[in-house]
Amino acid sequence: MTQLILQSVVSGLLVGGMYGLVALGLALAFGVLKVLNVAHGELLMLGGYASFFAFTFWGIDPFLSMPVVFIAMFAFGAILYLTLFRYVTRTEIHTRIKNSLLISFGLVLVLQSMAVRFFTADERTISTAYSSDAFTIGLVRVPVVRLAGLAVAVIAALFLEWLLSSTRFGRALRATSEDWTRAALTGVDVKRVYLVAFAISAALAAVAGSLISIGYSVSPNIGLGWTLKALIVVVLAGLGSMRGIIVAGLFLGLMESLAAVWLGGQYREVAALVLFLVVLSFRPQGFFGRAHA
Amino acid sequence: MPRAAAIAAGLVVLALIIGIGFFSSSQHLLTLVIQTMLLAALASSWNILGGFAGQISLGHAAFFGSGALVTRELWLNGMPLPLAVLAAVAATTVAAAVVGVPMLRFREIYFAIGTLALGVAVFITAGNLWPGISSMSAEALRNYDFTGPYFVTLGVLVATVAISLWLKHSKVGLGMMAVRDDEEAAAATGVNAFAHKMTAFVLSSALAALAGAAFAYFSVSYFPNFAFSVIWTFEAILVVFIGGVGTIVGPLVGSVFFIIGRDSLPAEVNEFQVVLFGLLFMLVVLLMPGGLTEAGQRLFARISSRQPPDANTAKATKGKELV
Amino acid sequence: MLEVDGLEVAYGDLQVVWGVSFKVSESSIVAILGPNGAGKTTTLLALMGLLPVKAGSASFKNNSLIGVPTHQMVNLGLVMIPEERAAFSSLTVEENLELGAYTPRARPRQRETMAEVWETFPRLAERRSQKAGTLSGGERQMLAIGKALMARPELLILDEPSLGLAPIVVEKSFNIITEIRDRGVSVLMVEQHLEMALQVADHAYILEMGSMVTDGTSSELAADPRVREAYLSL
């Protein structure tokens, strides 16, 4: 029994790291642009497929192709902003969220069905030489690739933190998140900030997708599930705050795993959702967020 | 479009539908019309909450599924259909009232995410608790007659549209729309925002359950959790916006457009149908929030060389408020 | 330096500003005065590109402003401090000032400008690592002005600088505004507090219900019996 619990804890933390990584991108887009992109999971899915095909056709190791996937999805994110989300940001904040929800919902339909068409509905996983390797620490088995995934998540979070707190552009990002009008009056090119923030958000999703394609699996319809997880993490951490996203992700992963042990695997997802609803009801600003007006 | 003409058109369509129900023997056509009416009813019910009251619910399927589940279980186990439907709607209404209290405290995006979470949670739980497929008995299958489901679905649709119509022109409905447009301002003028949102939520859920009941009666066999699938929510929302959110006719027009469109696309294009509808949806949200209804109104006005009635308001509200 | 002619601003169908014209010349303080809701803030926001301009023209140093993105205006030297101060509460005092020099024009002289700001506002220097949200009203006002100065403005626009501040702080702010003018920066200010404004301004315009009612030098206006009766009872 102890072994089961310990293993669950570890698995939960590992997948929680992924939740955190996916949530980072979503939080960035929402924090800066005040746009809720429910197609975030689809961008993740595309990143996963990109890695998968790079590996299948050209034999490129996913960890090596990751930077390229990042850049490619950065570009794609920029395009999505310019063709779609830019128009959503023209409205004031209040309607912006609603509109972005709807627009990105349309995007979900488009991207998902195109994925089914071009990639087929089969589940894909990358199997490299090391993908089934694992460390064994005491009673617990830690798959190498998932641990690497957690590492990437932490690195990404630290990088983002550095970007936001120590760079000029990061200050501009934070200022724009707080109040875009004031930021514009300070001389910040708000449109450019939006573009970059959104592109980074998409790129982060893609990197998560790459990790998921090797550590777990990808198929065309995984998008919404991950988006929902990311949303839960973002709310747990505090809507609009970047701090503590990884922590919130780990927490979610852990809670899910423990619920699975306790109630049975089928109720894993439900536990997450119930936890989410409970937090939302009693502490809507999340663990780390400021209380909203 | 002038009131009298609209009513006349509605009656003609109704007569047409009734006629098809009685005289057509094409299973394909009957199925298509039933599907359209079902979607139209579900979409109209969503429209009450999303279009009139402005609360975007992404968990609508939970109530549709609930109505379907209860109806199906009771009816297949011997209860007469009308009682089963009544029980289903009653049960769902109570559930909606219970769920609505905490849910509606959330504003805007939290409400959308919260209802999404709820919808998914219910879907998964339903799949866990009722994993087996639900089928009509072999005998019922042999004697399957479209007429029953057809007219029941029609009845559901008519009831939903009638309630929507009444609501739109009632004081309650006006309050809902005030809340939709600006909740704070509405509250400041004495409108009980929570009560109105709650009414919309419960009503919308009850009608969704009614549609679910029709679905249960119509479907030969399916996995019970299918009725809880988020696909139903998505299709309803898609169709409402394409047709024209907040209008009575919008969900109806949208459903017809969607089902007919989907059915008549040639096979090769068929795989892209969702893509097409998705793109159309995005275009509508961005460019023509009034959907097909607005497009139709403008066209009609231009043909009869009258000033488009809502041109100024459309321009003024464009980009500001979509719902 | 700044010339606005026939500016019209509307929110959809609702027109708020009807053909407003005014000028700000070098090294002067101009005030736009008027009661609440006269359209003063709307005029400024439209000027800065944050609201769509329905009609009219505006030029700064002979460059047309219509259709120019806000951040580019700042880069030209046209800096506005909005009504609810301009500081970002989640950033520290120092970060706010650093951000103030964001434009390519101001960036190279950031260190120099910052030193000037610390000198002008020693209280801010004391609080440099504090989050701006923790400052008092008066301190935030100073920070807002300091931040605006970081952009090396040639024309500084102030939207209701006296709003919500204690009289001592208001007086201090107005002294600083005069100092700024003396250093060669023009000032355009929008105010409800007529008396205070007229003491500092060289020239003033009075805006009522979206239209210019009268204008003149401050002494002219202060002496004008109509103005005295209508407004100076505020």
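This is a predicted model: local features need pLDDT of at least 70, side-chain atom pairs count only at pLDDT 80 or more; totals for chains, interfaces and linings use all residues.
Residues are numbered from 1 along each chain as its sequence is written, chains are lettered from A in the order written, and side-chain values use heavy atoms, with hydrogens and water left out.

**View 1. The largest cavity holds about 90 Å³ of space.** A cavity here is a set of points on a 1 Å grid over the protein atoms alone where a 1.4 Å probe fits but cannot get out, and lining residues have an atom within 4 Å of a point. Volume is the space filled by probe spheres set on the points, joined across faces, edges and corners. Among the lining residues are Phe105(A), Leu224(A), Leu116(B) and Phe234(B). The lining splits into 11 nonpolar, no polar and no charged residues.

View 2. About 2,000 Å² is buried between the two chains, counted as accessible area (1.4 Å probe) lost on being put together, summed over both. His71(C), Phe88(C) and Tyr102(C) supply 33% of what chain C buries against chain A.

**View 3. Glu98(C) pairs with Arg171(A) in a salt bridge.** Their closest N and O atoms sit 2.9 Å apart; the rule wants a Lys or Arg side-chain nitrogen within 4 Å of an Asp or Glu carboxyl oxygen. Chains C and A share 2 salt bridges.

Definitions and conventions: On a 1 Å grid over the protein atoms alone, a cavity is a set of points where a 1.4 Å probe fits but cannot get out, and a pocket is an open set with protein on both sides within 12 Å along at least five of seven lines; lining residues have an atom within 4 Å of a point. Ala, Val, Leu, Ile, Met, Phe, Trp, Tyr, Cys and Pro count as nonpolar, Asp, Glu, Lys and Arg as charged, and the others, Gly among them, as polar.
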